[in-house]
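Subject: Structure handover

Hi there,

Have a look at it first, then read on.

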Amino acid sequence: MEKITSETKIGVVKDHIPLKYNYTAGVAGDRFLQLLKQGKLQASQCTQCHKLYLPPKIFCKDCFSQLNEWKDVAEDSAYVYSFTSVKKEEGPRELIALVKFDGVEGGLLGRLKSSREEPRMGMKVRPVFKQKSERTGELSDIEYFEKVNY
Ligand SMILES: [Zn+2]
């Protein structure tokens, strides 16, 4: 067998390998998605520093405590943190928003229901779930976020 003595003389074949990934949602993610399927929005809470996480985590990023407490997220605490407009070749323009909740770390991406009023950062919204029979335990169980006037 020939010994390789120079890395510049190594033969190279260029091609691509199509790979399909299946990611697990993880312990907290799985529970979060099962709750979504029930139409519930809960965050995991750190009992040491009282931070809330949504999407939920199983460890606090600040104090490393294991998070076993869950708390309902107040729907009236949701607001648009950022948004963008997307358009597929076929189909209407859609608004996608990063929605955050007062006092909660993180946020959720979702569709923003169009209205006559242009969306703006800080706009109060609320999640609207799909009909119970249509929910599948995915983030898309939140059909959209709609503007509210509190
Ligand atoms: Zn903590």
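Two strands are said to pair here if DSSP finds at least two bridges between them. Helices (H or I, at least four residues) and strands (E, at least two) are DSSP runs, numbered from the N terminus. Please keep in mind that this is a predicted model, in which local features need pLDDT of at least 70, side-chain atom pairs count only at pLDDT 80 or more, and totals for chains, interfaces and linings use all residues. Residues are numbered from 1 along each chain as its sequence is written.

Let's begin with the strand pairing. β4 (residues 78-87) and β5 (residues 93-101) are antiparallel partners, joined over nine bridges. Within that pair, V86 sits opposite E94 in β5. The two strands make a hairpin with five residues between them, and G91 in the turn has a positive phi of about 115°. β5 also runs antiparallel to β7 (residues 108-112), with five bridges between them. There, L98 faces L109 in β7.

Now the chain as a whole. It has one helix and nine strands, and from the N terminus the order is α-β-β-β-β-β-β-β-β-β. The radius of gyration (taken over C-alpha atoms) is 21 Å, well over the 15 Å that the globule rule (2.2 Å times the number of residues to the power 0.38) gives for 150 residues, so the chain is more spread out than a compact globule. Along the principal axes, the C-alpha atoms fill a box of roughly 75 × 50 × 30 Å.

A residue is called buried if 20 or more other C-beta atoms lie within 10 Å of its own, exposed if 12 or fewer, and partly exposed in between, with C-beta atoms placed from the backbone. Buried residues account for 21% of the 150 residues.

A few backbone details may interest you too. Most residues other than glycine have a negative phi, and most peptide bonds are trans. Which way does the peptide bond from L54 to P55 go, cis or trans? That bond is cis, with omega near 5°, and P55 lies in the loop between β2 (52-54) and β3 (69-72). F64 is in the loop between β2 and β3 and has a positive phi of about 65°, although it is not a glycine. F64 counts as exposed, with 9 C-beta neighbours inside 10 Å. H50, in the loop between β1 (42-45) and β2, has a positive phi near 65°. H50 is exposed as well, with 10 other C-beta atoms within 10 Å.

Best wishes
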